[in-house]
Amino acid sequence: MEQMKDIHTIDNIELVFLKIEDYDEIKESMQEAYSNMPEAYWKENHIKTLIEKFPEGQVGIKVDDELAGCALSIIVDYTKFDNKHTYKEITGSYTFNTHTSKGDTLYGIDIFIRPKYRGLRLGRRLYGYRKELCEKLNLKGIVFGGRIPNYHQYSAELTPREYIDNVRKKEIHDPVLNFQMSNDFHPARVLQGYLEGDKESKEYAVLLEWDNVYYEKKTNTTAIKKSIIRLGLIQWQMRLYKDFEELMQQAEYFVDAVSGYRSDFALFPEFFNAPLMAEYNHLSESEAIRVLAGYTEKITNRFAELAISYNINIISGSMPEIVDNNLYNAGYLCKRDGGVERFEKLHVTPDEAKVWGMQGGKTLRTFDTDCGRIGILICYDIEFPELSRILAEDSIDILFVPFLTDTQNGYSRVRNCAQARAIENECYVAIAGSVGNLPKVHNMDIQYAQSMVFTPCDFSFPTNGIKAEATPNTEMILIADVDIDMLRELSQFGSVRNLKDRRTDLYSIKRNY
């Protein structure tokens, strides 16, 4: 048996469109995935037909350039099929001539993950792509017949319907059906004689459906396609933790929570890991912060794992980091494709410099993600408008600001400057901070925060420029959708055009490096 893939060794994960040149690898993947049915793999002519008829519907997921799994699908006019159809009927006797671009439903033909890549939630990504494709093509939903491979163990005592009910109630574990239902597919009915030769399922299948809530009945009017990005902000409670693992358990809890709402980003606050300094409170402040810096690499590696596992881009907030014996305030963007990129605080506060001996960084940059280009500024940096303008000139859509403030005065500076940056630069700005008290950590006694998502102020946006706001000084998550296409419209048709109307003949902002 091939060893399971170690998540620590993964450098890159990407979704790709299948090509006929990939057939040998597709065949090998299917044979591994369906080892109990060694002849149940698609022939080359089948894959070729699917790719020719519907290339967008045939996708694979690669891990470090090796095919880890595939999802195959077609579009059908579902009104032409009986509710008790078979696999052979829906595929047109495996010719796929049932596919039509004028259909109303995305039908799942197959989906599989090689055994050594299971446990990485790659199947969730393939289903996520199908859902996005369904929304993009404005189809009613996704339908497919799901196998119930453990049913043969209970067929003597349970009907298929009773078996499904027991799986629903978690009294029986069925790896396929459990997975489908965890991905928001609901059982509609039992299909008898669905897949010939499926002995494990006794040739029964469950018709599973996912409804596209964004579906709109087709009309002759032209609709503007929107690009919706979901942000997950963690308003972190400062509390004492007994050790590193307990702190990361809490961090994973929040990642799981925002990922469960299909967020694209998770934003943690500045110095969210400060509670770990409690153990070193007997040291001076400057010594304790350097000990805390020893956890930064470990935390970053854990966030990189969580980003892949939960399929979400994680902005780690910020942490102390020692480079060439100099202390910096830095953070990491851990992407769900496996990439990890560093950002740093350029302007340190007088207190950070005096108490901790911290130095300002030297690099200002943007980050390209699967949700577009973003910028990240840590706390005090948002109070320097030149930085945000430079990032805006590099075409960011969203600016993330992890912060840590102890008083309402400090918070108001961050909040008001962040909102100004959203207006000035025609972008969304998301700020996330910490709340609570740390009486056993010097220089980190109290915190005050109200996490928010700001927008430009124009007719298409909230009148007060606030998309969403958390309850002040309360531990919680904040989920908000932002529409990138609205920024494009604002740039062209806004009541005012802050970026276009700049008098660059009179002034300019430039980098000195």
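Tutor: Two strands pair if DSSP finds at least two bridges between them, and with that cut-off in hand we can read this structure, which is a predicted model.

Student: How do you know that strand 6 and strand 7 pair, and in which sense do they run?

Tutor: Strand 6 and strand 7 (residues 204-211) share 6 bridges in the antiparallel sense, and since the cut-off is at least two bridges, they count as paired. One of the places to look is glutamine 192, whose bridge partner in strand 7 is tyrosine 204.

Student: What packs on the sheet here, and which strands does helix 4 touch?

Tutor: Helix 4 packs on the sheet and touches strand 1, strand 2 (59-63), strand 3, strand 4, strand 5 and strand 7, while its direction makes about 165 degrees with that of strand 4. Helix 1 (residues 23-33), for its part, lies across strand 3 (66-76) and strand 4 (105-113), and runs at about 75 degrees to strand 4.

Student: In what order do the strands of the open sheet of 7 strands lie, and what makes two of them edge strands?

Tutor: The order is 1-2-3-4-5-7-6, with mixed pairing. Strand 1 (13-17) and strand 6 (186-192) each pair on one side only, and that is what makes them the edges. Between neighbouring strands of this sheet the average turn is 25 degrees, with direction ignored.

Student: Which strands are the edges of the open sheet of 6 strands?

Tutor: That sheet has the order 14-15-16-17-20-21, again with mixed pairing, and its edges are strand 14 (366-369) and strand 21 (466-469), each of which pairs on one side only. The twist from one strand to the next averages 20 degrees.

Student: Helix 7 is called roughly parallel to helix 9; why?

Tutor: The axes of helix 7 (residues 244-260) and helix 9 (residues 296-309) come within 11 Å and cross at roughly 30 degrees. Angles under 35 degrees count as roughly parallel, and therefore helix 7 is described that way relative to helix 9. The crossing is right-handed. The contact involves Phe244, Glu245, Met248, Ala251, Glu252 and Val255 of helix 7, together with Lys298, Ile299, Arg302, Phe303 and Leu306 of helix 9; by class, these are 7 nonpolar, no polar and 4 charged residues.

Student: Why is serine 395 called partly exposed?

Tutor: Its relative accessible area is 48%; buried would require under 20% and exposed over 50%, so the value falls in between. Serine 395 sits in the loop between helix 11 (385-393) and strand 16 (398-402), and its phi is near 70 degrees, a positive value in a residue other than glycine.

Student: Where is asparagine 138 placed, and what is its phi?

Tutor: Asparagine 138 lies in the loop between helix 4 (122-136) and strand 5 (141-147), with phi near 55 degrees, which is likewise positive in a residue other than glycine.

Note on methods:
Residues are numbered from 1 along each chain as its sequence is written. This is a predicted model: local features need pLDDT of at least 70, side-chain atom pairs count only at pLDDT 80 or more; totals for chains, interfaces and linings use all residues. Side-chain values use heavy atoms; hydrogens and water are left out. Helices (H or I, at least four residues) and strands (E, at least two) are DSSP runs, numbered from the N terminus. Buried means under 20% relative accessible area, exposed over 50%, partly exposed in between (1.4 Å probe, protein chains only). Axes are lines fitted to C-alpha atoms, for helices over the stretch in contact, and angles run from 0 to 180 degrees between N-to-C directions. Angles under 35 degrees count as roughly parallel, over 145 as roughly antiparallel, 65 to 115 as roughly perpendicular and the rest as oblique. A crossing is left-handed if the near helix is turned anticlockwise from the far one by less than a right angle, and right-handed if clockwise. Contact means heavy atoms within 4.5 Å. Ala, Val, Leu, Ile, Met, Phe, Trp, Tyr, Cys and Pro count as nonpolar, Asp, Glu, Lys and Arg as charged, and the others, Gly among them, as polar.
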